[in-house]
Amino acid sequence: GRSYCVRTQRMLNQCLESLVQKVQSGVVINFEKSGPDPAPVGEDGLVDTSRPINSFASQPWHSCHKLIYVRPNPKTGVPVGHWPIPESFWPDQNSPTLPPRTAHPVVRFSCVDCEPMVIDKLPFDKYELEPSPLTQYILERKSPHTCWQVFVSSSGKYSELGYPFGYLKASTTLTCVNLFVMPYNYPVLLPLL
C-alpha cells in the first residue's frame, strides 16, 4: 500500500504518473502443486538422486496467489488470447444455471518434467508469471527445455484432475517463467493435427 497527500495540481499529476507506472495489466491465478515434488536437481542441471525428496513438508512454492501479465497487442492496445483457462466443472445441459466459481482460477501444476509442445500454425498464449517462490524454484532448477503441465480440477468429465491445458516453463535465458495456454488436452490433440 501507498498513500499520497495531494496539495497542488502539479502534485496530482506527479502522483497519477507514479500510479500509472505501478499498474500492471494481468490476471490473478492461484497456482497449487499436484502430486509429489520433483527430484532435486544438482549444480549441472541433472537430477541429483543422492538428495532425498520430502514431498510432505509444505514449501512456499507449493501454493502461490500471483499475477500473470497480460500484455496488450502493441498495434491495437487490446490484449489478445486464443485459448481460455478451463472451467472447474463439466457442463450439464439439464442445469438451468452455471455452478458458482472462485474469482481467481485455481490452476494445479504437476512437477513431472515434460517436453514442451508447439506446432506450426496452431496458436498458443504465453503469459509471464509475476515473480514468486514458484518462479524462483523453477528458475533455480535451470531446466529451460522441460516444462510442468497445468490442470484445472474437475474440468474433465471422467478425471478428477482433468486434462492438461498448458504448461509452466522457464524462459530459455532463465530470466522468467511463462504460462503457456494451449487447447484443452493438447498432448492428444497436437499429434493428431
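In which loop is Lys121 found?

Analyst: Lys121 sits in the loop between S3 and S4. A quick word on the ground rules: this is a predicted model, where local features need pLDDT of at least 70 and side-chain atom pairs count only at pLDDT 80 or more, while totals for chains, interfaces and linings use all residues. Residues are numbered from 1 along each chain as its sequence is written, and side-chain values use heavy atoms, with hydrogens and water left out.

Back to your lysine. Lys121 has a positive phi of about 70°, although Lys121 is not a glycine. Lys121 is also exposed, with a relative accessible area of 87% (buried is under 20%, exposed over 50% and partly exposed in between, using a 1.4 Å probe and protein chains only).

Along the sequence, the pattern reads α-β-β-β-β-α-β-β-β-α. The C-alpha trace spans about 60 × 55 × 35 Å along its principal axes, and 35% of the 193 residues are buried. UniProt, in an unreviewed entry, places the feature "domain: Integrator complex subunit 6-like beta-barrel" at residues 58-193; the positions follow the numbering used here, feature names are shortened, and such annotations may be inferred rather than shown by experiment. That span is 11% helix and 23% strand, with its end C-alpha atoms 40 Å apart.

Leaving out residues up to four places away in sequence, Phe31 touches His62, Ser63, Cys64, Ile68, Val107, Phe109, Leu129, Leu134, Leu168 and Leu179 (touching, or contact, means heavy atoms within 4.5 Å).

From S3 you can walk on through the strand pairing, where two strands pair if DSSP finds at least two bridges between them. S3 and S5 pair in the antiparallel sense over 2 bridges, and Arg108 has Phe151 in S5 as its bridge partner. S5 then pairs antiparallel with S6 over 3 bridges, with Gln149 partnered by Tyr167. S6 and S7 are antiparallel too, over 5 bridges, and there Lys169 stands opposite Asn178.

In a regular strand the side chains alternate between the two faces of the sheet. Both faces of S5 are covered, with Trp148 and Val150 buried on one side and Gln149 and Phe151 buried on the other. S6 is covered on both faces as well: Gly166, Leu168 and Ala170 are buried on one side, Tyr167 and Lys169 on the other.

Leu174 lies in the loop between S6 and S7, a hairpin with 6 residues between the strands, and its phi is near 60°. Leu174 is partly exposed, at a relative accessible area of 29%. Lys142, which follows H2, has a positive phi as well, near 50°.

H2 itself (residues 133-140) has Leu134, Thr135, Ile138 and Leu139 as its buried residues. Seen down the axis of H2, they fall within an arc of 130°, so they line one face of the helix (the arc is taken from the directions from the helix axis to the C-beta atoms).

Last, the cysteines. A search of the whole structure finds 0 disulfides, a disulfide being a pair of cysteine sulfur atoms within 2.5 Å. The sulfur of Cys114 is 5.4 Å from its closest cysteine sulfur, in Cys147, too far for a bond. For Cys64 the closest one, in Cys111, is 11 Å away, again too far.

Terms used: Helix = DSSP H or I, 4+ residues; strand = E, 2+ residues; numbered from the N terminus.
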